Amino acid sequence: MSVTVRIPTPLRKLTAGADEVSIEGANVGAMIDNLEAAHPGLKERLCDDTGEIRRFVNIYVNDEDVRFMGGRNAELKDGDELSIVPAIAGGI
Amino acid sequence: MNIVRALKCRECGQEYDIEPTHVCEFCFGPLEVVYDYEKLDGYFTRELIESRPQTMWRYKELLPINGDPTVGAQNGFTPLVRAKNLEKVLGVKELYIKNDSVCYPTLSFKDRVVSVALSKAVEFGFTTVACASTGNLAGSVAANAAAAGLESYVFIPHDLEQGKILGAGVFGTNIIGIKGKYDDVNRLCSEVAGKYGWAFVNVNVRPFYAEGSKSLGYEVMEQLGWKAPKHIVVPMASGSLCTKVDKSIKEFIKLGLIEDNQTAVYGAQATGCSPIAKSVKDGTDMIHPVHADTIAKSLAIGNPADGYYANRVINESGGWAEDISDDEVVAAMKLLAETEGIFAETAGGVTLGCAKKMIESGKLPRDESIVLCITGNGLKTMEAVADAVTKPRIIEASLKEFDLLAEADGVNV
C-alpha cells in the first residue's frame with residue numbers, strides 16, 4: 001500500500017528538499033505517522049496536539065479534500081496521489 | 001515613512017523578515033504584516049491625508065510597500081453614496097453604498113489589493129506575476145501588469161462568466177482555464193507557486209496583497225467625515241475583506257484619526273456557498289468546507305482560508321452573518337440598480353440581499369448608520385440577470401408607432 005505525497009515548499013527542509021515522497025499507509029492518519037517516522041518533525045507541522053489535521057493544512061487525495069472523506073480516517077489505496085497544501089486565500 | 005515591522009504568524013506569533021512568503025514554517029498559519037504604529041505619532045494626520053491626491057495611496061503609510069507605488073498609483077478612492085431611495089425601501093434611517101463597482105481600472109475592489117501586490121512584487125524583483133482567481137482578480141492582475149510592463153499568468157475556473165474571461169484576456173495576459181472549481185484552481189496555484197519563481201498575488205505575496213483591502217475601510221471612514229459607521233456589511237468568499245475592514249477601523253482608532261464607534265461587522269454569503277455564515281449562525285468557529293454551488297461565482301470559495309478569522313471578527317464586533325438564495329441575489333441586484341442606479345455584480349446582490357434579510361430579522365438596527373460594500377461591477381456577470389431584466393420593445397422608427405406605445409403606457413402628451 002504505497003502512496004505518493006507531494007510536499008509543499010515550506011516543508012521541504014524536512015524532506016531533504018524532496019518535493020515528492022513515497023510512503024505506506026492504509027489511511028491518512030497512518031500515512032502521517034509513517035511520514036513522521038521517515039521525516040521527523042513533519043507530523044507536528046500537519047497535526048495539532050490532539051492529532052487532528054491543523055486548521056490551515058489541506059490534504060488532498062487524488063484531488064479530493066480529505067475533510068470530505070473522513071479526515072484522518074480517510075482510506076488510502078495503492079497508487080493514490082496526495083497533496084499537502086497550505087490554505088491560501090483569494091476571492092473576497 | 002516606512003513603519004512595516006515584519007511578517008507575523010497569526011497562529012503562533014513567529015515573526016519573519018519581509019519576504020515573498022505567506023505561511024508559517026512552524027504551524028502553517030497565515031502570515032500578516034505588522035507595523036510600528038507609534039512611528040506615525042503626530043505625523044499621520046487628517047490634514048496630511050486630505051492634502052494628498054484622491055487615490056487609495058493617500059494612506060500609503062498603512063500599506064506595506066517602500067515609498068511610492070510603482071503599480072496602480074491611480075487606483076481606489078471610489079464614491080460613498082448616500083442611498084436615500086434604498087433607505088425608504090428598506091425602512092432604515094442612514095444607509096450608504098461604498099461603490100467599488102467603479103474602482104479604477106477594472107471595476108472591482110481587487111484593483112486595491114493588486115496595486116499593493118504588484119508594487120511589492122516589483123520591489124522584490126519579480127518580472128512575472130500570477131494569481132488564482134474567481135474572475136475579478138484575474139482582470140485586475142492582467143490590467144495592472146500590462147500597465148506596469150510585467151508578464152502575467154492568471155488561473156481561473158474554466159466556466160466563469162464571459163465578461164470576466166474577456167475582461168482578463170483583453171489585456172494580453174496568459175489566461176489558463178482550469179477544469180474545476182475555484183478551490184481546485186487555488187490548490188493548483190499553490191503548487192505552481194512552489195515550483196515557478198513568480199509573484200503569485202494570493203499565494204506568496206498574499207500578506208501584502210491582503211493589506212490593500214484596508215484602503216476600502218479607510219476611505220469609508222474619511223468619506224463619512226472621519227467617522228466609522230455603526231454597521232458595515234461585506235461580502236465573504238475567503239473572509240479576507242471582512243478581517244481587513246475590521247483591521248482598518250482598529251488602525252484608525254489606534255492612530256487617533258477617529259473615535260471608536262463600536263462598529264459591528266456583518267458578513268454576507270450565498271446559500272450555495274456559505275461555510276462562514278453557517279459557522280456564525282451555528283455558534284461555532286469550526287468552518288466546514290463545502291462544494292460551492294451558486295451564481296455568485298466571485299464568492300464561490302468552499303474552503304475559505306480566512307473563514308476562522310472572519311468568524312472571530314464578526315463575533316467580537318457584535319455583528320452577524322447571513323446567506324441568501326440565488327433568486328434573492330438576482331432580486332437584490334435589480335433592487336440596487338432600480339433604486340440607486342448602481343449595477344453591481346452578483347456579490348453585490350449577495351451583500352444587499354443579506355443586509356435586507358438582517359434588517360428584516362432585526363439583526364441590523366433600522367436607526368443607525370449602515371454601510372454596504374459593493375465590490376464588483378454587474379457588467380461582468382450579465383448572465384446572472386439576463387432573464388430577469390426588461391427587454392426592449394421593438395418598434396419601427398415611426399412616431400405613429402411610438403404614440404401607440406405611449407398611449408398604451410398611459411403617457412400624456
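This is a predicted model: local features need pLDDT of at least 70, side-chain atom pairs count only at pLDDT 80 or more; totals for chains, interfaces and linings use all residues.
Stop 1: Select chain B and show the C-alpha trace. Along its principal axes the trace spans about 75 × 45 × 45 Å. The radius of gyration of chain B is 21 Å; a compact globule of 413 residues would come out near 22 Å, so the two agree. Switch to cartoon. Chain B holds 15 helices and 13 strands. Colour by burial next: 56% of the 413 residues in chain B are buried. Now look at contacts between residues at least 6 apart in sequence. In chain B, 69% of these join residues at least 24 apart.

**Stop 2: the two domains.** Colour 4-73 + 110-209 of chain B as domain 1, and 80-106 + 213-385 as domain 2. Their centres, taken over C-alpha atoms, are 21 Å apart. Across the boundary, 29 residues of domain 1 of chain B contact 31 residues of domain 2 of chain B. Which helices of domain 1 supply at least two residues each to that side? Select H1 (46-50), H3 (110-124), H4 (136-148), H5 (162-169) and H6 (182-195) of chain B. Colour this side of domain 1 by class: 13 residues are nonpolar, seven polar and nine charged.

**Stop 3: the contact between chains.** Show both chains. Chain B brings 38 residues to the contact, and chain A brings 23. On the chain B side, the elements giving two or more residues are H6, H7 (206-211) and H9 (240-254). H6(B) gives the most, with seven residues. H6(B) was also on the list at the domain boundary. By class, the side of chain B that touches chain A has 19 nonpolar, 13 polar and six charged residues.

**Stop 4: helix H1 of chain A.** Select residues 28-38 of chain A. Val28(A), Gly29(A), Met31(A), Ile32(A) and Leu35(A) are buried here. Look down the axis: these residues cover an arc of only 160 degrees, which puts them on the same side of H1(A). The spacing rule behind this is simple: an α-helix has 3.6 residues a turn, so residues three or four places apart point the same way.

**Stop 5: helix H15 of chain B.** Finish at residues 399-409 of chain B. Is H15(B) in the open or buried? Of its eleven residues, the number buried is zero, so H15(B) lies largely in the open. Step just past H15(B) to Gly410(B), which takes a positive phi of about 80 degrees.

Note on methods. Residues are numbered from 1 along each chain as its sequence is written. Chains are lettered from A and ligands numbered from 1 in the order in which they are written. Domain bounds come from an automatic or database domain assignment. Two residues are in contact if their C-beta atoms, placed from the backbone, lie within 7 Å. Helices (H or I, at least four residues) and strands (E, at least two) are DSSP runs, numbered from the N terminus. Ala, Val, Leu, Ile, Met, Phe, Trp, Tyr, Cys and Pro count as nonpolar, Asp, Glu, Lys and Arg as charged, and the others, Gly among them, as polar. The radius of gyration is taken over C-alpha atoms; the globule rule is 2.2 Å times the number of residues to the power 0.38. A residue is buried if 20 or more other C-beta atoms lie within 10 Å of its own, exposed if 12 or fewer, and partly exposed in between; C-beta atoms are placed from the backbone. The arc is that of the directions from the helix axis to the C-beta atoms.
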